[in-house]
Amino acid sequence: MKSLPVIDIFAGPGGLGEGFAQAGFDIRLSIEVDKIACNTLIIRKFFHLLKKKSQTDLYYQFLRREKKLDYLTKLFPNIWQSAKNSVLCAELGNPEQENIIFDKIKKSLGENKDFILLGGPPCQAYSIAGRSRMLGAAIKEEDDLNEAEIEKIKQTKAALFYDDPRHKLYLQYLKILSKFNPSIFIMENVKGILSARTKYEDTFSNVFGELELGLTNPDVVLKNNNSNIISQNKYTLHSLVENNNNKILKPHDFVIKCEEYGVPQKRHRVIILGIRNDLKEFHGHLLKSDNHITVKNVLEKLPRLRSGVSKTIKEDTFINWSSTILKQYKKLLSQNVDKEIQLKHIVNRLIKSNNSISRGGEFVASENFTEEDNSLLNWLRDKNIKGWVHHESRTHMESDLARYLFCAAYALKKNKSPRIEDWQGNINELKPKHSNITKSKDENKLVTNIHKDRFKVQLWNEASSTIVSHISKDGHYYIHPDPLQCRSLTVREAARLQTFPDNYFFSGGRTAQYHQVGNAVPPFIAYQIAKIIKNILKLNLN
């Protein structure tokens with residue numbers, strides 16, 4: 001019980017595993033289907049193994065692009081092989097790979113009978129946004145259909161959505177629980193799982209009800225789903241945020257609001273702690289942070305960057321960027337907004353600002369570590385890097401530069417991000433060309449049923465909104481709060497809001513990096529959970 005190995009399934013880029021690794025646990029195996037995320041996991045395991053041998057100097061040279069990864073792997077072939085052996089690229093839920101996965105788990109555990117299981121099934125099938133997108137938009141262009149035809153189409157599309165096999169991926173988690181009987185498990189998912197449904201009927205079966213039963217007694221649910229993997233172990237379920245003493249827990253008692261626990265992000269997740277019945281009970285929970293960590297706390301001191309400009313501009317230089325913004329300001333923004341948000345003053349400052357400001361890059365050298373100390377910043381920072389990794393801005397269309405400038409200036413003045421109905425000025429030109437945004441009878445106003453804050457600024461003095469994988473597609477929902485930078489967040493900024501340490505390297509191109517960051521569990525939350533589990537293990541040593 002002193003130091004249990006950890007198996008991390010549906011691992012993504014390793015958010016849960018990183019928190020446990022930082023708490024001193026050995027992540028014996030991570031299982032993930034995405035090949036690029038698997039590369040990220042291998043490199044991170046490589047770093048932790050190098051750290052144990054005090055051999056991280058070359059890793060930092062790799063982060064600074066002074067050495068290639070191949071150089072390190074050839075210099076430390078055994079350590080690299082150990083890192084590769086700790087990651088399995090496989091698809092949980094694929095019958096053809098089930099035995100491969102089980103064999104790998106068994107081999108990784110070796111003689112260990114007890115271990116910790118981590119993971120959360122992919123969340124798209126459970127997310128409220130995903131369901132709204134798939135079902136709410138089911139009928140969009142069939143305006144000439146009668147009511148019966150529309151209802152039939154709705155039912156057909158809804159049935160396809162609810163038959164999505166991802167609704168049942170939690171059964172793979174239950175299979176591993178039942179077959180390998182871990183001492184403790186942590187299961188994570190989006191809050192939408194509390195209301196996810198499995199059939200398009202008037203009376204729905206709630207996914208969480210079956211999940212809760214399955215996590216308590218996996219055999220019952222597995223039998224109902226025709227599985228031959230059966231054991232006799234049962235588990236008690238615990239909330240990590242509520243006092244578990246003599247309380248009947250409700251589904252919402254398992255929701256962790258990350259911003260209450262030192263994370264600068266309004267990310268709400270269902271996280272369930274399961275303890276095998278032969279272990280001693282434990283009554284504990286996460287302690288709310290005394291400090292309200294904000295976007296400003298973790299982003300303000302990063303090197304300032306400008307956005308890139310569209311390829312229609314001859315050369316991506318500061319001069320062309322600033323002159324493009326000035327042109328867009330005169331064309332779209334100068335009529336009715338200056339008095340309210342003093343935009344002209346901001347534009348003048350931008351034009352006169354230091355023309356050495358760059359777009360950043362995969363590594364940005366900097367000795368600037370003047371951030372105030374707090375528990376999260378001490379967790380994030382690593383001065384050995386001597387700069388910042390994955391801190392490169394995106395390129396934005398000329399019209400979007402105008403929108404970003406307006407939104408950031410509005411937020412700075414009013415301490416809130418503008419919604420579509422707040423937009424003024426030459427609204428017909430400035431408004432996004434989206435089908436779900438339309439004019440009202442008053443031509444100076446817009447109405448929308450969806451995405452009322454399609455362009456959203458992350459406010460300095462608040463926790464950010466949830467970082468999701470859509471950030472890989474565009475940055476409209478993640479506008480930097482400094483209007484003088486006129487851009488969306490970089491990968492490193494998104495990673496900081498997700499509490500990934502600054503020395504965390506994400507494989508792949510920038511789109512893949514964003515995707516990994518958006519899909520992860522905040523490691524700082526996982527670290528706090530890992531410390532609770534350490535106390536459980538200490539209790540069971542006595």
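Me: What share of the 542 residues in the protein chain is buried?
Reply: Buried residues come to 55% of the chain. Keep in mind that this is a predicted model.

Me: And how much accessible surface does the chain have?
Reply: About 25,200 Å², with 47% of that belonging to carbon and sulfur atoms.

Me: How many helices and strands are there?
Reply: The protein chain has 21 helices and 14 strands.

Me: What about contacts with a separation of 6 or more, what share is between residues 24 or more positions apart?
Reply: Those pairs account for 72% of such contacts.

Me: Let's zoom in on V364. Where does it lie?
Reply: V364 is in strand 10, which covers residues 360-365.

Me: Why does V364 count as buried?
Reply: Its relative accessibility is 13%, and the cut-off for buried is under 20%, so V364 qualifies.

Me: Which residues does V364 touch, leaving out those up to four places away in sequence?
Reply: V364 touches P303, G387, W388 and H391.

Me: Switching to helix 17: is it mostly covered or mostly open?
Reply: Mostly covered, with 13 of its 17 residues buried.

Me: What span should helix 17 have, and what does the model give?
Reply: Residues 398-414 make up the helix, and at 1.5 Å a residue its 17 residues should span 24 Å. The end C-alpha atoms are 24 Å apart, so the model agrees with that expectation.

Me: What happens just after helix 17?
Reply: There you find N415, which takes a positive phi of about 60 degrees.

Notes: Residues numbered from 1 in each chain as written. Predicted model: local features only at pLDDT ≥ 70, side-chain atom pairs only at ≥ 80, totals over all residues. Heavy atoms only, no water. Helix = DSSP H or I, 4+ residues; strand = E, 2+ residues; numbered from the N terminus. Expected span 1.5 Å × (residues − 1). Buried < 20%, exposed > 50% of the residue type's maximum accessible area, 1.4 Å probe, protein only. Contact = heavy atoms within 4.5 Å. Areas by Shrake-Rupley, 256 points an atom, 1.4 Å probe, with all protein chains shown as cover.
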